[in-house]
Amino acid sequence: MLRTVNRVFLGLVGLILLALGGSVLAIGLGVSAPSWWIHDSKHDVLLSYAERTRWRDDGWWWPVVIAVLAVLLLLALWWLVAVLRRRRLAEILVDTGDGEGALLRGRALENVLTQEAAHIDGVGGAHAHLKGRRSAPEAHVRLALEPHVDPGTALNDFTTGALTHAKTSAGLASLPAEVRLKGVKHGAERVS
């Protein structure tokens, strides 16, 4: 969801800035502007003095300007925090027993969890990613189940198989997991 919002927002801002900048450049180079455009010639300003001071004396003007700018600032800050926040766990701290510890790449453990979960009978596809702290990771797994499989059995096979293997191989005391089960889309079967 956030990736889509990010791409749409950046695309719209980019298109608006490109259109405005390109039009200002074209008019500055001498291209004639349409009659409805906001400025006419290369000596024209974007906003005249009369347009800038038109509503300055009205009582509603400054509260509206401040509210719009505050909303824009909050949206920009929300977007910046969402973009900079790390979604995935980059590394996991593995206790080696000698007091030093070792670092395991989070993607490596995610790939192992995904591949081992995909080999469970009745699982049509799997995807895993890790969140949390590097000393206490949490697994978030999506399993796509075939129509014939019992969800309880598939979940039990995953927790006793792939999840337990990942926990013991990384030397973790616990590896909490959130597993989302979804059915694989399939065509209607013919019966005779």
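Guide: Happy to. Keep in mind that this is a predicted model. Let's begin with a strand pairing: Val123 has Leu145 in E4 as its bridge partner.

Visitor: What makes E3 and E4 count as paired strands?

Guide: Two strands pair if there are at least two bridges between them. Strand E3 (residues 123-133) and E4 are joined by 10 bridges, so they pair, and they run antiparallel. They form a hairpin, with 2 residues between them.

Visitor: And what joins E4 to strand E5?

Guide: There are 7 bridges between E4 and E5 (residues 177-183), and these two strands run parallel. In that pairing, His140 stands opposite Glu178 in E5. Together with helix H5 (residues 151-169), E4 and E5 make a right-handed β-α-β unit.

Visitor: Why is E4 called largely enclosed?

Guide: Because 7 of its 10 residues (136-145) are buried, the rest of the structure largely encloses E4.

Visitor: How do you know whether Glu110 is buried or exposed?

Guide: The cut-off for buried is under 20% relative accessible area. Glu110 has 3%, so it is buried. Glu110 is found in helix H4 (residues 106-118), and beyond its sequence neighbours up to four places away, it touches Arg88, Ala128, His129 and Leu130.

Visitor: Which residues touch the most other members of the largest nonpolar core?

Guide: That core has 22 residues, and Leu113, Leu130, Leu143 and Phe158 touch the most other members. H4, E3, E4 and H5 each supply at least two of its residues, with H5 giving the largest share, 5 residues. Leaving out residues up to four places away in sequence, Leu113 has contacts that include Leu130, Phe158 and Ala166.

Visitor: On to the rings. How many aromatic pairs are there?

Guide: The structure holds 2. One of them is Phe9 with Trp79, at 5.6 Å centre to centre and 55° between the planes.

Visitor: Why is the pair of Phe9 and Trp79 called tilted?

Guide: Stacked needs planes under 30 degrees apart and edge-to-face needs over 60. The angle here is 55°, so the pair is tilted. It links distant parts of the chain: Phe9 sits in helix H1 (residues 2-28) and Trp79 in helix H3 (residues 61-84), 70 residues apart.

Visitor: And what makes the pair of Trp60 and Trp61 edge-to-face?

Guide: Their planes are at 80°, so the pair passes the cut-off of over 60, with ring centres 5.9 Å apart. Trp60 is partly exposed at 44% relative accessibility, and Trp61 is partly exposed at 21%.

Visitor: How do you know that Glu91 and Arg134 form a salt bridge?

Guide: The cut-off is a side-chain nitrogen within 4 Å of a carboxyl oxygen. The closest N and O atoms of Glu91 and Arg134 are 2.9 Å apart, so the pair qualifies.

Visitor: Why is Arg180 called exposed, and what about Glu178?

Guide: Exposed means over 50% relative accessible area. Arg180 has 53%, so it counts as exposed. Glu178 has 33%, so it is partly exposed.

Definitions and conventions:
Residues numbered from 1 in each chain as written. Heavy atoms only, no water. Buried < 20%, exposed > 50% of the residue type's maximum accessible area, 1.4 Å probe, protein only. Helix = DSSP H or I, 4+ residues; strand = E, 2+ residues; numbered from the N terminus. Right-handed = clockwise from strand over helix to strand, strands pointing away. Contact = heavy atoms within 4.5 Å. Phe/Tyr/Trp six-rings, centres within 6.5 Å; stacked < 30°, edge-to-face > 60°. Core = buried A, V, L, I, M, F, W, Y, C linked by side-chain atoms within 4.5 Å.
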